[in-house]
Amino acid sequence: MIKWLKTFIDIILPPRCLLCGKVIHSDNTLCGECFSKINFISKPYCKHCGLPLIDNTQNELGCMSCLSDKNHFRLCRSAIKYDNFSKKIILDFKFSDRLENKKLLSRWLFIAGEDIFKQGIDVIIPVPLHYARLFKRKYNQSAVLAEGLSKLCNIPADFSSLKKIKHTTPQILCSGKQRTQNVKNAFQVVAPEHLKGKRIVLIDDVYTTGSTLNECAKALKKAGAKSVDALTIARVCS
């Protein structure tokens with residue numbers, strides 16, 4: 001009965017590509033043409049931050065950024081490169097209530113996080129929004145992704161222990177150096193007893209400079225987390 005009903009619904013409202021809207025055979029995915037234009041991140045990449053590399057020679061030591069900067073997260077991985085084509089599926093999900101994109105993006109996170117899951121994870125935590133921005137946007141896209149990922153990997157998600165306590169300027173409006181200062185001391189752990197000794201993976205939509213993720217990781221480590229990794233859908237690679 002359920003199979004018959006789904007067939008009937010698919011005839012009336014056929015599945016469509018999440019990017020171009022073309023009629024396809026499966027729900028919550030992309031057509032072959034759009035899928036072929038997504039630049040998935042694969043090896044070689046920096047063993048620490050996941051930055052794509054030209055060859056494997058840099059991989060043993062890490063990229064130049066990791067050698068010179070102090071990152072508070074252990075590993076970082078991203079599923080795809082953030083470019084003029086891929087940004088639509090992320091921006092639609094983030095700003096245009098396209099929550100149907102969640103299943104596909106969560107699957108991409110799950111695949112991209114293989115290195116992190118091998119290290120061992122106890123809890124998934126989304127990068128939080130300040131309550132003022134959450135009220136305006138209606139939902140936190142990172143929390144939606146964390147929920148989807150939690151179901152795929154059977155690791156619990158914590159939506160309340162990490163809070164954003166400063167209403168900062170949107171990072172997209174800041175330069176690289178300004179981004180670090182903009183989010184400095186913007187996050188706080190309100191229930192450190194829940195996270196002490198835990199291995200945590202932070203979830204966000206896009207890695208640009210890593211400032212937000214690094215500041216979150218700093219707060220979590222200060223609260224007693226054993227380790228903090230970061231996992232995002234996309235990464236700015238230029």
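How many bridges join β2 to strand β5? In this predicted model, local features need pLDDT of at least 70 and side-chain atom pairs count only at pLDDT 80 or more, whereas totals for chains, interfaces and linings use all residues. Residues are numbered from 1 along each chain as its sequence is written, and side-chain values use heavy atoms, with hydrogens and water left out.

Four bridges join β2 to β5 (residues 199–207), and the two strands run parallel; pairing requires at least two bridges found by DSSP. Isoleucine 124 stands opposite valine 201 in β5. Elements are DSSP runs numbered from the N terminus, with helices (H or I) of at least four residues and strands (E) of at least two.

The open sheet has four strands in the order β1-β6-β5-β2, paired in parallel. Because β1 (76–81) and β2 (123–126) stand at the edges with a single partner strand each, one side of each is left without a neighbour in the sheet. Neighbouring strands are turned by 20 degrees against each other on average, direction ignored.

Two helices lie on this sheet, with contact meaning heavy atoms within 4.5 Å. Angles run from 0 to 180 degrees between N-to-C directions, and axes are lines fitted to C-alpha atoms, for helices over the stretch in contact.

| Helix | Strands | Angle to β5 |
|---|---|---|
| α8 | β2, β5, β6 | about 130 degrees |
| α10 | β2, β5, β6 | about 165 degrees |

Helix α8 (residues 141–153) also packs against α5 (residues 102–112) at about 60 degrees, with axes 9 Å apart. Residues in this contact include Leu105 and Phe110 of α5, and Leu145 and Leu149 of α8.
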